[in-house]
Structure formats: C-alpha cells, structure tokens
Amino acid sequence: MNEYLTIMKSELVLTAILFLLLFVKLGSRWKNESTLLMIQLLLLLNFLSGFFFNQNGSLFGGMFHTSALIVFQKNILSLAVYLISLLFADWLKKHEHLTEFFILMLSALLGMFFLLSSGNLLMFFLSLELATIPVAAMANFDLDKKISSESAMKMILSSAFSSGILLFGISLIYGATGTISFAELPALLNGSPLQILAFVFLFTAFAFKLSIVPFHFWTADVYEGAPMATTAFLSVVSKGSVAFIFISTLYTVFKPMDAIWYNMLMILSIATMIMGNLFALRQQSIKRFLAFSSIAQVGFILVGISSNSPEGLSSVIYFVLIYVFSNLAAFGVAAVISSRTGKERIDDYKGLYQTNPFLCWVMALALFSLAGIPPTAGFFGKLFLLTAGASRANYLFIGIAALNMIVSLYYYLRVIRSMFMEKNETPIGKIKPDMSTTLGLIICSVGVVLVGLLSWIYDYIVKLV
Amino acid sequence: MNLIVLLLIPLITAVAVLLMRNANQVRWTALAGASIQFVAAFALLYFFNKERAAGNTLQMLFEQQYIWFPSWHISFHIGVDGISVAMILLTAFVVIAGVLVSWNVTKLTKEFYFQLILLSFGAYGFFISLDLFILFFFLEIAVIPKYLLIGIWGSGKKEYSANKLALMLMGGSALVLVGLLGLYFNTPERTFDLIKLSEIQISYEAQMICFPLLFVGFGVFTALFPFHTWVPDGHSSAPTAGSMFLAGISMKLGGYGCLRVATYLMPHGAKEYADIIIVLSSIAILYGAFATMMQKDLKYINAYSSVSHCGFVLLGIAMLTKTSMTGAVMQMVSHGLMTALFFAVIGMMYERTHTRQVNEMGGLLKTMPFISTVFFIVGLCSLGLPGLSGFVAEMTIFMGSWEHTDIFHRLATIAACLSIVVTAVYILRAVGRVAMGPIKDSFKDLPDARWNEKLAAVILILGIVAIGTAPFWLNDLISPATELIKQKIMLAQ
C-alpha cells in the first residue's frame with residue numbers, strides 16, 4: 001500500500017486537490033479573491049511536494065512507471081500551472097466560474113501526469129484524452145464571446161480527429177507486433193511496412209498535439225479564440241507534456257526505427273520552423289503571434305529531438321523549462337493588458353514604454369529569451385538544442401535552423417519596436433498589475449535570466465538523463 | 001592581474017546606473033565606471049608588459065578557467081595576449097569618450113547609459129574569452145543594446161536601420177554559430193576551448209567548410225563586402241555615442257574574430273580562401289572610398305569611409321604575413337579611436353547646427369575653433385598623415401602585403417594604396433567646406449565645445465597621437481601574438 005502512495009504521489013496529491021476544489025465549489029460562499037489565493041497556495045504546495053518522497057518504480061504490471069526524470073518533468077508542468085494561476089489572476093478573479101476553471105485545468109494536468117508515466121499504449125491513449133478534453137472546455141471560458149466557443153469547437157474536433165488517427169495507429173501496432181507494452185515493443189520492431197505505417201499514424205497524432213506543420217492549422221484559431229489563460233496552458237503545459245512523452249517514446253520505444261524517424265523529424269522540423277516563422281511575421285493579434293511563434297519553437301525542439309542522444313533529451317527538457325518561463329511571461333504581460341484594456345493587437349502596444357516600463361521590460365526579456373538572445377536563458381536553450389542536433393553532422397539542417405533564428409528575431413523585434421520606439425497618440429494608460437501577477441512576472445523574469453546562467457540546473461537534468 | 005575585474009566593473013556600473021535617481025547621478029556613475037575601467041585597462045597593459053619583461057612567454061597571460069557546463073565541455077576560460085590587450089585599451093578609450101559625449105542625452109538617460117555599459121560589457125568579455133562558447137555569448141550580448149540604442153535614441157529612419165543592423169549581425173552570428181559547431185564536432189574531445197583547438201590538427205575538409213562560415217560570419221560585423229550594407233544605415237541613424245561604439249568597438253569584434261578564431265584555428269582554410277578575401281576586401285576599400293566621395297551627409301561620409309578602412313583590416317589579415325596581420329590589429333585600434341572621434345565631432349556639430357549636410361555648413365572654424373580643430377586632426381588621421389595613427393597602421397599593412405612578390409598580391413596592394421588618394425579628396429573637401437569659407441548668419445552665435453566634449457576629444461586625440469608618434473609600443477605588444485599565428489600558418493602546408 002505504501003508503494004502506491006509514494007510511486008503515484010504526484011497523481012494522488014493532484015487528485016486530492018481536485019476533490020478539495022469540488023467541495024469548495026459546492027459548499028463555500030467565498031469571494032473569488034480568497035478562493036484564488038487558496039488555489040494558488042494549493043498549487044504551490046503541489047509544486048513543492050514534487051521534490052519530496054519520490055520513489056522510482058512501476059505499478060499495475062508496468063502500465064504506470066515513474067523515475068526521477070519523469071518526476072522532474074512533472075515538476076516543470078506543476079510549476080507552469082502554478083505560474084498560470086499567478087499570472088492570470090486579473091482575469092480569473094473576475095470570472096464567475098473560477099473554481100471550475102481550475103478543476104478542468106488540474107484534470108488536464110492529471111492527464112498529463114499519467115501520460116508521462118504511461119507504460120503502454122492503452123494508458124497512453126487514455127491519459128492523452130484526459131489531458132485534452134478538459135482543455136477544450138477551458139477554451140470556452142470566455143462565456144460571452146462567440147469566438148471562444150468557436151475555438152473550443154475547433155479544438156474538440158481536431159483533437160477527436162487526432163485521437164482517431166492515434167487509435168488507428170495503436171491498433172495497427174498491436175496487429176503488427178501483438179503487444180501494446182512500451183517495454184516489449186522495441187524488441188519486436190523490425191521496420192516492416194505495416195509497422196512503419198502504424199508508426200506514421202502514431203507520429204501524426206503527436207504532430208497534431210505539438211502542432212507540427214502540416215498539422216498546425218487548428219493552433220492559431222484556437223489560441224486566438226480561447227481566453228489567454230487557456231492559450232498559455234495550451235502552448236506551455238500541453239506542448240511541454242507532449243514534447244516530453246514524444247521524445248521518450250521515440251528514444252525508448254521506437255529507437256529501432258531511428259533511421260526512419262530521423263528523416264521525418266528533419267523534414268517536419270524545417271517545415272515547422274519556416275511556416276511558423278513566416279506566418280508569425282505578419283500577425284497583428286498578439287495571441288496569433290504567440291501561437292505561430294510557439295509553432296516555430298516546436299520546430300526547434302524537433303532539432304534537438306532529432307539528435308537521438310542523451311544530449312538531445314536533456315536539452316529538450318531544459319528548453320521546455322526555459323520555454324515555460326519565457327512564454328508565460330509574454331502571455332502574462334499580454335493578459336494583464338488585455339484584461340484591463342481589452343487591447344490585444346501589437347499596434348496597440350505602441351508607446352507602452354512611456355506608461356508601463358515594468359511590463360515592457362518583462363515582455364522584452366521574454367521575447368529575447370524566445371528569440372535566443374543572451375544573457376537570457378533562451379540563448380542557452382536554443383544553443384544546446386542546435387548543438388545536440390549538430391551531433392549528427394548535418395550542417396545544412398543546423399544552418400537552416402540558425403537562419404530561422406534570424407527570421408524569428410525579426411518578428412520578436414517588431415513587438416519590441418512597438419513598445420519601445422514607436423509613438424502613439426492614445427497609448428495604453430498606466431496599468432498597475434495586482435500582487436500575484438507582479439509576483440508571477442518577477443518569478444518568470446528571474447527564471448528567464450537565471451536558468452541559463454546557473455549551469456547546475458542543466459547539470460541536474462543531465463544527471464537525471 | 002585578475003581579468004574578472006574587467007567584467008565586474010561594467011557589471012557593477014550597469015547595476016549602479018539602474019539604481020540612480022536622477023539623470024545627473026546616472027551620468028556621473030557611468031563616468032566613474034568608465035574611468036575606473038580606463039585605469040584598469042592601463043593597469044592591465046602595465047602588468048602585461050611587466051610579465052612579458054620578466055620573461056613569461058606563455059601564449060596567454062592571466063588565464064583563469066572555471067567549468068561552466070561540464071557535459072558540453074564548456075568552461076569560463078579567460079586570458080589575454082597582446083592583441084586582446086590592445087583591443088581592451090581601445091574599448092576603454094572609446095567607452096569613456098562615448099560616456100562623456102552623451103552628457104546631454106535627456107531622453108531616458110538611465111536606459112541610455114545602461115545600454116552603453118552593457119555594450120561595453122559584451123565587448124570586454126569578447127576580447128578576453130578563450131572559450132569559443134563564451135566568446136559567442138559575449139558577441140551576441142552586444143547586439144541588442146545596439147538595436148535599442150539606434151531604435152530609441154536614433155534619428156532619421158531609425159527603426160529601419162535598427163532592424164537591418166540587428167538582423168544582419170544576427171545573420172553573421174548564425175554563420176559563426178554553425179561554424180563553431182562544426183569545429184566542436186570535428187575535434188576528438190569535443191571542446192570549444194581556443195587553446196586546445198589550436199593545438200590539435202583540424203582536418204582539411206572541416207577547415208574548408210568551417211573557415212568560410214566563421215570568416216564571413218565575423219566579417220559581417222566588420223563590414224566585409226558585400227555584407228557591409230548595415231554600416232551606412234546603422235551609423236547614420238545611431239545617436240552619437242551609438243555610432244562611436246558601433247564603429248569603434250562593435251566592428252572590431254568582427255576583425256578580432258576573423259583573426260583569432262577563423263585564421264588562427266584554421267590556417268589551411270585561411271590559405272585556401274585568402275585570395276577571395278583579398279579580392280573582396282580590395283573591393284570594399286575602393287568601393288567604400290568612392291562611395292564616400294558621393295556622400296553629402298557627414299555621418300554617411302564617415303560610415304562609408306569606415307567600410308573602406310575596415311577593408312584594410314581584412315586585407316591585412318588575408319595577406320597572412322606577420323607584418324600585415326600586426327598592421328591589421330593596429331588598424332583596428334587606430335580606426336576605432338579615429339572613427340569614434342570623427343563621430344563625436346559630427347555629433348557636436350550636429351547638436352549645434354542641426355544639420356549634417358556638408359553643403360549647409362561653412363566657416364565653423366570661426367565660431368567653434370576647438371571642434372573644428374579636432375575635425376581637422378581626425379580628418380588628417382583618416383587620410384593617413386604621418387605622425388597620426390592612421391598612417392602607421394596602413395603603412396604596416398602595405399609593408400606586410402608587399403612581402404608577397406606575385407602580381408596578384410601586388411595589384412591588390414596597389415589598389416588599396418590608391419584608395420588613400422580618394423580618401424584625401426573626400427576628407428579635404430569635407431573639412432574645407434565645413435570649417436572654412438564664409439559663415440552662415442545662423443551659425444554665428446553657436447557655442448564651442450563644453451568641458452565634457454573637450455575631455456572626450458582630448459582623450460581620443462592622445463590615443464591617436466600616442467600611436468602615431470610612438471608606434472613601437474603597440475607593435476611590440478601585438479607582434480608576438482601575430483608571430484604565433486604566422487607560425488601556425490607556416491606549419492600548415
């Protein structure tokens with residue numbers, strides 16, 4: 001019994017919080033502010049509890065397994081969720097269904113935890129569904145906006161489609177090998193045409209979730225329509241968790257098919273970087289802009305994954321950690337502005353530095369980190385991804401990735417230019433973000449600066465790998 | 001001497017600047033930081049010479065190494081040789097002059113000085129790093145301050161210029177990055193360490209791929225033709241101190257990288273590609289000079305003439321003789337000082353006359369004797385008058401180039417020499433139009449230089465004259481380091 005408690009600790013803690021929130025919703029007449037404060041504290045506890053009483057092992061005949069690395073990945077996700085609860089406080093406080101929002105979000109997070117720990121394809125499928133469907137409901141949380149419902153609809157349709165493809169792939173794999181266990185699969189994979197077909201379907205499902213080109217079409221619309229908090233959750237936590245399980249499946253289960261997926265990854269990575277960058281160039285809505293920028297970032301993650309080496313694994317995890325800080329900071333600033341003024345266009349940010357220097361510097365740090373400019377952490381993250389990718393001695397590929405960094409710099413600089421350089425007759429007025437948002441923005445900024453410079457964080461990940 | 005001091009001083013200054021309350025405090029803090037750094041740079045020169053005089057013949061002095069990312073074999077490895085010391089001195093001169101010249105920046109003063117100090121931090125770090133990873137780190141640190149300096153405090157089509165500069169320089173660093181990764185994976189032990197890399201033989205094929213990537217990548221920073229197009233726009237839109245830093249420090253990062261990383265580590269590549277670089281840099285020298293003749297705007301004049309002068313740097317490196325490479329480093333120092341002074345003077349004139357058009361000026365010598373005299377001096381230095389630094393540096397490059405006896409190198413040298421005539425034409429014309437002749441009525445009551453501007457000009461002129469009249473100390477400082485590079489090239493047969 002004790003074993004269940006420690007091995008499934010993260011999931012159990014999360015479930016306990018979920019139940020607590022259900023009771024809070026049913027029983028109490030608390031104000032939104034106090035409920036939010038309690039939720040923030042619970043999420044902080046959830047994040048901190050990830051560091052204690054961890055035990056490696058597997059349960060239920062290998063269906064569920066955990067290791068120090070998986071716990072670390074879960075901690076990154078918990079941290080991101082905690083930051084989301086801080087950063088979007090402004091919008092959340094005004095929402096009448098605050099508790100439900102967190103119940104849905106934590107259910108999705110629970111799904112992601114199971115996803116990371118899944119030991120066979122059945123568990124994998126179930127947890128992926130649990131990680132997706134609540135997010136579609138979250139996308140609908142701007143209750144009075146039609147565009148929000150539209151985005152939820154698009155999300156649920158596209159994820160249903162990708163689930164169908166995934167199930168088809170799983171059944172083909174079962175047909176080809178006779179097993180769905182991650183442990184037994186590698187020995188049975190020999191690269192026969194049926195297995196390759198099955199793998200392609202599986203890969204497609206991942207590509208949908210990670211919005212890899214050409215399966216990215218849902219991303220921008222969903223991001224634009226959904227409330228900012230959901231968009232941030234989708235682009236950071238969902239992406240991060242899928243990237244983690246994607247890389248661990250490729251590196252462990254599908255290692256024998258390395259030659260096949262290396263080429264797939266390379267082509268898709270180039271396409272993803274180029275398409276994401278080119279579309280981001282001309283976006284006016286900050287949400288669509290960040291959507292396409294996150295597509296381009298996934299392209300970079302694929303460069304790291306393609307290396308098929310321990311360095312690749314560690315640099316991808318490191319990059320996702322940095323991405324949590326930088327992307328959430330960018331979304332946080334955009335959310336404060338959007339919730340106070342309703343402005344979500346990049347042109348609206350003109351002259352923002354005159355009135356809101358703090359928000360501007362946080363945004364600038366976040367965007368520099370996303371663009372990979374030192375001394376922000378993004379520089380180290382991107383550089384390590386490229387270095388890992390270069391270990392295959394494919395310099396053309398790395399060269400294209402490096403050139404894409406310049407294109408991406410162009411559109412990140414566009415936002416910076418709006419904020420710092422251009423003039424505006426009617427600039428956004430002075431905004432005083434509330435305590436928890438400020439705290440969240442400071443945590444993100446400190447993370448953006450220090451995660452790169454403090455090398456022991458990367459070393460820690462390397463040791464886990 | 002502990003080299004970390006050179007990094008700590010700008011860092012502390014930058015933080016202190018952020019903590020200051022009003023513009024005046026910010027200025028004095030920045031000046032104090034720059035002065036301490038100035039003294040530290042001279043202390044470095046003193047201790048360096050002392051060590052060398054005591055018979056320490058190690059390639060790099062004052063080395064320190066701290067492991068940073070052990071799994072990638074990246075360490076924080078710093079140290080200096082003669083070339084680095086020369087570049088650090090140059091940076092210290094330009095920084096203190098830049099801080100002094102920007103005394104009356106009133107828009108967002110704190111942010112302005114913060115960016116300046118951050119830029120100098122990147123430059124100091126770049127010149128002392130012996131690990132290619134941190135070298136790249138510092139190279140990129142210096143890009144964004146330039147972008148913000150031009151974009152926020154600049155003039156004219158500043159957003160366009162800032163974008164162009166940032167994107168082209170990032171393009172250059174992307175090439176550098178790929179080249180560095182190529183080096184990294186072509187060594188048996190996977191290292192970014194400059195010293196270790198120089199000791200092992202990098203395969204011929206790898207050199208043929210990595211050398212052009214690194215040389216062109218760094219070349220973008222130092223206006224290698226045809227990647228020089230950011231120079232005129234960037235310089236003309238930047239605020240005065242921005243132009244000074246850009247031309248005086250930032251362009252030198254590229255030249256230093258071309259010499260120290262590309263040429264030193266890959267002698268085979270350097271030999272194979274030398275002819276192409278010689279052709280390109282000769283084009284840059286002549287094209288820059290002729291393009292300058294057509295310019296009416298003083299900042300454009302100096303920007304295009306920088307393209308021409310930086311062409312000499314690349315020419316000197318590509319000639320691959322010890323004398324020419326020494327000359328290239330001297331030209332970097334000389335051009336850095338000279339061009340910083342040039343932009344400073346242009347800034348002073350513009351602030352008073354509100355024009356940079358040569359045709360609209362005239363007779364300034366009567367109202368602003370100090371500024372006009374400085375303008376004379378810097379013009380003469382630019383056209384290579386003996387006794388000033390420009391002559392010494394260019395002469396050394398020509399002498400080094402003349403060591404080659406074949407017709408190709410001779411022709412390139414002659415072409416480069418010809419540009420001096422063109423330089424004389426445009427410099428004398430500009431100086432004459434601006435300082436001489438009848439004075440406009442609106443210019444009659446303009447004040448001369450203030451104390452801060454005078455101090456900045458005097459510091460830079462002292463540097464120029466010190467090199468021009470006594471070039472031996474600089475030559476003795478640099479040539480042992482270039483000798484090593486030359487030996488490495490000789491060995492690569």
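Reply: A residue is called buried here if 20 or more other C-beta atoms lie within 10 Å of its own, and exposed if 12 or fewer do. The model is a predicted one, and the description that follows should be read with that in mind. By that count, six of the seven residues of strand β2 of chain B, which covers residues 74–80, are buried, so the strand is largely enclosed by the rest of the structure. The partner of β2(B) is strand β1 of chain B, residues 61–69, and the two run antiparallel, joined by six bridges. One of the pairings can be named by residue: Tyr66(B) has Phe76(B) as its bridge partner in β2(B). Between the two strands of this hairpin lie four residues, and in the hairpin His73(B) takes a positive phi near 60°.

Taken along the principal axes, the C-alpha atoms of chain B fill a box of roughly 70 × 60 × 45 Å. Of the 493 residues in chain B, 62% are buried, and among its contacts between residues at least 6 apart in sequence, 81% join residues at least 24 apart.

Turning to the contact between the chains, 27 residues of chain A and 25 residues of chain B take part. On the side of chain A that touches chain B, the elements giving two or more residues are α18 (377–390), α19 (395–420) and α21 (455–464) of chain A, and the largest share, 12 residues, comes from α19(A).

Phe47(A) is found in helix α3 of chain A, residues 32–49, and is partly exposed, with 19 other C-beta atoms within 10 Å. Leaving aside neighbours within four places in sequence, Phe47(A) is in contact with Asn75(A), Ser78(A), Leu79(A) and Tyr82(A). By contrast, the C-alpha atoms of Phe47(A) and Val135(A), which are 88 residues apart along the chain, are separated by 20 Å.

Key: Residues numbered from 1 in each chain as written. Chains lettered and ligands numbered in written order. Predicted model: local features only at pLDDT ≥ 70, side-chain atom pairs only at ≥ 80, totals over all residues. Pairing = 2+ DSSP bridges. Contact = placed C-beta atoms within 7 Å.
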